[in-house]
Amino acid sequence: GLMIVMGVSVAAFVLTCVWLVRGRLKTVYAAPTSYGGAFLEGFALYLILFVALGVGLRYFGPVSLQWNWLALAILPIVWIWPTLRGSTSEERRRAFGWTRGQGFLREVGAGLGGYLAGLVVIAIGCLVTLLLVRVTGTNASSPIVQELGGGPWRLAGLYAMACIFAPLIEETMFRGILFHHLRQRWSWLVTAAIVSIIFAMLHPQGWVAVPALSAIAMVLAALREWRGSLIAPMAAHACNNFLVLTLALLFLR
């Protein structure tokens, strides 16, 4: 089944490259012209509050990953900060990527199709990570693996965490406001590379997982540039996490 998916992915990737060369694939995202730092400050505020939340929870002892849902309370704070710095509602919506695009279902379809085409890039990143793991002997396991042995309700919580919480929070912060801030200064490629490396390094899997996570993030950044709205990157992110978690359950549980 995975080989069939990869075969379709290669075909979709080649077709995407042909469309790009022929100019048939137009990007929707419009880079801002102003050079304010309100959204970068908002991203920094998110990092500070997220780390503080984690430290505060661990002060009371080991906690489940489900406590991460409390981080949703950070979103309104980050939304309000640019308002205090003088940004308009429309500027915030564009920066956060919280727009409808060309319609919810169409954006979801674009996200899933883009993810399928991007699996070629993701596979290359994963191969590099596997090579690094083999050469260095470093473990690249995610903390979520420790939660795989729970009952049905815990597994349902893991799927919700991976397919709802993570796409919403991470896409808003990384492919949303951080991407928007950097994109006003640099090209898509430079911006996507910077955001992707930061995204990968902030994950707990360790440095050997950076190539795989960066490859995923590059595909998500391409979707942000292509569609403008974050619906497509969120759908692709959710699809990726669903597949990874399902494979982890099949092979590691």
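This is a predicted model: local features need pLDDT of at least 70, side-chain atom pairs count only at pLDDT 80 or more; totals for chains, interfaces and linings use all residues.
Good morning. The space in the second largest pocket comes to about 650 Å³. Of its 24 lining residues, those closest to the centre are Thr-16, Leu-20, Leu-25, Ala-222 and Leu-223.

Helix H8 leads me to the next topic, its packing with helix H6. How are the two arranged? Helix H6, residues 152–183, packs with H8 at an angle of about 65°, and their axes are 11 Å apart. H6 is therefore roughly perpendicular to H8. The crossing of H6 past H8 is right-handed. On the H6 side, the contact is made by Glu-171, Arg-175, Gly-176, Phe-179, His-180 and Arg-183, while H8 contributes Ala-217, Leu-220, Ala-221, Arg-224 and Glu-225. By class, this contact of H6 with H8 has four nonpolar, two polar and five charged residues.

I turn now to helices H2 and H3. Helix H2 spans residues 38–58 and helix H3 residues 74–84; the two pack at an angle of about 155°, with 9 Å between their axes. H2 is therefore roughly antiparallel to H3. Their crossing is right-handed. From H2, Ala-38, Phe-39, Glu-41, Gly-42, Leu-45, Tyr-46, Leu-49 and Phe-50 meet Ile-74, Ile-77, Val-78, Trp-81 and Pro-82 of H3. By class, the contact of H2 with H3 comprises 11 nonpolar, one polar and one charged residues.

Thank you for your attention.

Conventions:
Residues are numbered from 1 along each chain as its sequence is written. Side-chain values use heavy atoms; hydrogens and water are left out. Axes are lines fitted to C-alpha atoms, for helices over the stretch in contact, and angles run from 0 to 180 degrees between N-to-C directions. Helices (H or I, at least four residues) and strands (E, at least two) are DSSP runs, numbered from the N terminus. Angles under 35 degrees count as roughly parallel, over 145 as roughly antiparallel, 65 to 115 as roughly perpendicular and the rest as oblique. A crossing is left-handed if the near helix is turned anticlockwise from the far one by less than a right angle, and right-handed if clockwise. Contact means heavy atoms within 4.5 Å. Ala, Val, Leu, Ile, Met, Phe, Trp, Tyr, Cys and Pro count as nonpolar, Asp, Glu, Lys and Arg as charged, and the others, Gly among them, as polar. On a 1 Å grid over the protein atoms alone, a cavity is a set of points where a 1.4 Å probe fits but cannot get out, and a pocket is an open set with protein on both sides within 12 Å along at least five of seven lines; lining residues have an atom within 4 Å of a point. Grid points are joined across faces, edges and corners, and a volume is the space filled by probe spheres set on the points.
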